[in-house]
Amino acid sequence: MNSLILPNTKLGPHTVVGANSVVKGDFEQGYCVLAGNPAKVVKKIDKEKCIDYDYSEERIGYIKFEKFEKYRKKHLNL
């Protein structure tokens with residue numbers, strides 16, 4: 001809730017962002033819990049306990065990748 005992930009930030013698999021956190025760096029290694037302002041790793045997650053699943057689609061935020069360009073032109077004026 002109320003977390004802010006700044007543009008061009010890359011988060012790895014199984015990365016959890018805590019409430020009211022501001023993420024402004026890359027955490028591509030994943031398997032961690034981030035919290036704070038600026039966000040930092042507060043806990044590592046054991047890879048052996050994680051269940052991996054296959055992402056069937058890419059997304060930019062909550063928008064499907066293939067629909068993002070249309071959304072960007074209509075709503076973002078970039």
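Mentor: Helices (H or I, at least four residues) and strands (E, at least two) are DSSP runs, numbered from the N terminus. By this rule the protein has 1 helix and 7 strands, and the order from the N terminus on is β-β-β-β-β-β-β-α. The model is a predicted one, in which local features need pLDDT of at least 70 and side-chain atom pairs count only at pLDDT 80 or more, while totals for chains, interfaces and linings use all residues. Residues are numbered from 1 along each chain as its sequence is written, and side-chain values use heavy atoms, with hydrogens and water left out.

Ser21 belongs to the loop that links β2 (15-17) and β3 (22-23). With a relative accessible area of 0%, Ser21 is buried; the term means under 20% relative accessible area, with exposed over 50% and partly exposed in between (1.4 Å probe, protein chains only). Of the 78 residues of the protein, 22% count as buried.

Contact means heavy atoms within 4.5 Å. When neighbours within four places in sequence are set aside, Ser21 is in contact with Asn2, Ser3, Leu4, Leu34, Ala35, Gly36 and Ala39. For Gly36 there is a further detail: its backbone nitrogen lies 3.2 Å from a polar atom of the Ser21 side chain.

Leu34 and Ala39, among the contacts of Ser21, also belong to the largest nonpolar core, whose 5 residues are Val23, Phe27, Cys32, Leu34 and Ala39. Such a core is a set of buried Ala, Val, Leu, Ile, Met, Phe, Trp, Tyr and Cys residues joined through side-chain atoms within 4.5 Å. Phe27, again with neighbours within four places in sequence left aside, is in contact with residues including Leu34, Ala39, Lys40 and Val41.

The strands complete the picture. Two strands pair if DSSP finds at least two bridges between them. Strand β4 (residues 32-35) is joined to β5 by 4 bridges, and the two run antiparallel. Cys32, a member of the core, stands opposite Lys44 in β5.

As for the whole, the C-alpha trace of the protein spans about 40 × 30 × 20 Å along its principal axes.

Notes: A polar contact is a pair of N or O atoms within 3.5 Å; within protein, one must be able to donate a hydrogen and the other to accept it, and residues adjacent in sequence count only if both atoms are side-chain atoms.
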